[in-house]
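Trainee: I have a model open and would like to go through it with you piece by piece. Could we begin with the backbone and work inwards from there?

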Amino acid sequence: MAALASDPYPIYARLRAESPVAWVPQLNKFLVTNYTGCHAVEQDQEIFSAEVTGATMTRAIGARPMLRKDDPEHSADRAPMNPVLRPKSIKEVWGPVFEGNAETYLEKVAEIGPKEADLNRDYAAPLASQNLIDLLGLKDVSVEQVRRWSHDFIAGMGNVLDDPAIWERCDASTAEADRLLEELIPYYRQTPDASMVSAWANSGLPTSNVAANVKLTISGGMNEPQHMVTNMVWALSYHAEQSALVLTDPSLWAAAFDEAVRWQSPIGMYPRETTQETILEGVRIPAGAGIGVVVASANRDAAHFGDSAADFDINRPKRPHLAFGSGVHLCAGHWAAKTSIGQLAVPMAYERFPRLRVDEQRNESWDGWVFRGLTSLPVTWN
């Protein structure tokens, strides 16, 4: 387990080769690590249910959110937020907000300077937090407070080894968020606007459903964009030829984002549970079994992406990946992430700081496999 948190990819490669559906007693789950297996699970919610018994996500945020529901309950929870997150709304309503936030934090990075700046601490994390505050419509909260909530929720959701210290942190943040939502949900029912909380508050859904889905969004809605900023800069720093291509041709930013999210997927694994005995990739799985859908591994499966699947290549022939999930649970925020990070945050950083790159004189750090990303990325520029 420690090796998974340090660098899971060598273990994933071995699992795909030797046992793409493998029983792991420490996790009480079958880990599915190849593309065809993960895709099959996502396409069949009748057999592979999102309504997981004892789910760490439900435990972490105090209630069952839409990602731990199957249709039609999942669709009912998701429908109110869809208009807020459609491409037209993201471009016209939220794009200018995201751009303004990026400008604010790039200025702060400039003040810190090229000898001390940490791209995660000084840009990716606070920017992702502020974008989320605005998109959700949270009030009277700080960037650091929402960042802490997100980190604590994510730690709880990834707490597959049941560490009590992680649950203590997570419970405290859940209680804080619930107190805010007790005031915010009634407020938006009286004063609606274009935000996600307003959309949910006026959907007719029970308050408990609204609160669970807001806390779900606080976790993933900050974690994934934050790590995508640092993942893209890290990848381009160590692939100079591809970096030169992107900086010469801005139309390639979309491909750089898509390849980075495939190559270093911020969400590494999520759970499902079998509703009946089934056979997956030749392995018999009993009813009621826990399944770990390891999309970070599936996204490097050579059987799907070719022999260069383990490489970062923005010129890779386009193939579908699972970084945003698939099927009915495809991430609703993927357009917001592509716009806020792939079209704005990262390109704007390179425009502001010529030759932005990893500072190899200082140490970087990675963590996690259920959720994985850079926790520190020192950068410098000319």
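**Backbone, sheet and spaces**

Mentor: Let us start with D162, which sits in the loop between α8 and α9 (164–190); please keep in mind throughout that this is a predicted model.

Trainee: What is the phi of D162 near?

Mentor: The phi of D162 is near 60 degrees, which is a positive value in a residue other than glycine.

Trainee: And is D162 buried or exposed?

Mentor: D162 counts as exposed, because its relative accessibility is 52% and the cut-off for that class is over 50%.

Trainee: OK, and what about E281, where is that found?

Mentor: E281 is in the loop between β5 (278–280) and β6 (283–285), and although E281 is not a glycine, its phi is positive at about 55 degrees. With a relative accessible area of 39%, E281 is classed as partly exposed.

Trainee: Which residues does the cis peptide bond join?

Mentor: The cis bond joins D71 and P72, with an omega of about 10 degrees, and P72 belongs to the loop between α4 (56–61) and α5 (73–78).

Trainee: Switching to the sheet, what is the strand order?

Mentor: The order is β1-β2-β7-β4-β3, an open sheet of five strands with mixed pairing. The edges are taken by β1 (21–24) and β3 (48–49), and since each of these has a single partner strand, one side of each is left without a neighbour in the sheet.

Trainee: What packs on the sheet there?

Mentor: Helix α3 (residues 35–43) does, touching β2 (29–32), β3, β4 and β7 (290–293), and the direction of α3 makes about 65 degrees with that of β4.

Trainee: In which sense do β3 and β4 pair?

Mentor: β3 pairs with β4 (residues 270–274) in the antiparallel sense, over two bridges, and the bridge partner of S49 in β4 is E273. On the way to β7, E273 stands opposite G290, and β4 and β7 run antiparallel, joined by four bridges.

Trainee: And how many bridges are there between β2 and β7?

Mentor: There are three, and in this case the two strands pair in the parallel sense, with V32 standing opposite V293 of β7.

Trainee: Which residues of β7 are on each side, and are they buried or exposed?

Mentor: G290 and G292 are on one side and I291 and V293 on the other, and all of them are buried, so that both faces of β7 are covered. As background, side chains in a regular strand alternate between the two faces of the sheet.

Trainee: What does the side chain of E259 make a polar contact with?

Mentor: The partner is the side chain of R316, at 3.2 Å. Leaving aside neighbours within four places in sequence, E259 is in contact with D311, F312, D313, I314 and R316.

Trainee: Is W263 buried or exposed?

Mentor: W263, which also lies in helix α13, counts as buried at 8% relative accessibility. A polar atom of the W263 side chain lies 2.8 Å from the backbone oxygen of A310. Not counting residues up to four places away in sequence, W263 touches a set of residues including Y9, W234, H239, R300, D311 and F312.

Trainee: Then what about the second largest pocket, which residues lie nearest its centre?

Mentor: I154, A155, D367, G368 and F371 lie nearest the centre of the second largest pocket, out of 26 residues in its lining, and about 650 Å³ of space lies in that pocket. The elements that give two or more residues to the lining are α1 (2–6), α8 (143–157), α11 (207–237) and β10 (373–376), and the largest share, four residues, comes from α8.

Terms used: Residues numbered from 1 in each chain as written. Predicted model: local features only at pLDDT ≥ 70, side-chain atom pairs only at ≥ 80, totals over all residues. Heavy atoms only, no water. Polar contact = N/O pair within 3.5 Å; in protein donor to acceptor, adjacent residues only side chain to side chain. Contact = heavy atoms within 4.5 Å. Pairing = 2+ DSSP bridges. Axes fitted to C-alpha atoms, helices over the stretch in contact; angles between N-to-C directions. Buried < 20%, exposed > 50% of the residue type's maximum accessible area, 1.4 Å probe, protein only. 1 Å grid on protein atoms, 1.4 Å probe; cavity = no way out; pocket = protein on both sides within 12 Å on 5 of 7 lines; lining within 4 Å. Points joined across faces, edges and corners; volume = space filled by probe spheres on them.
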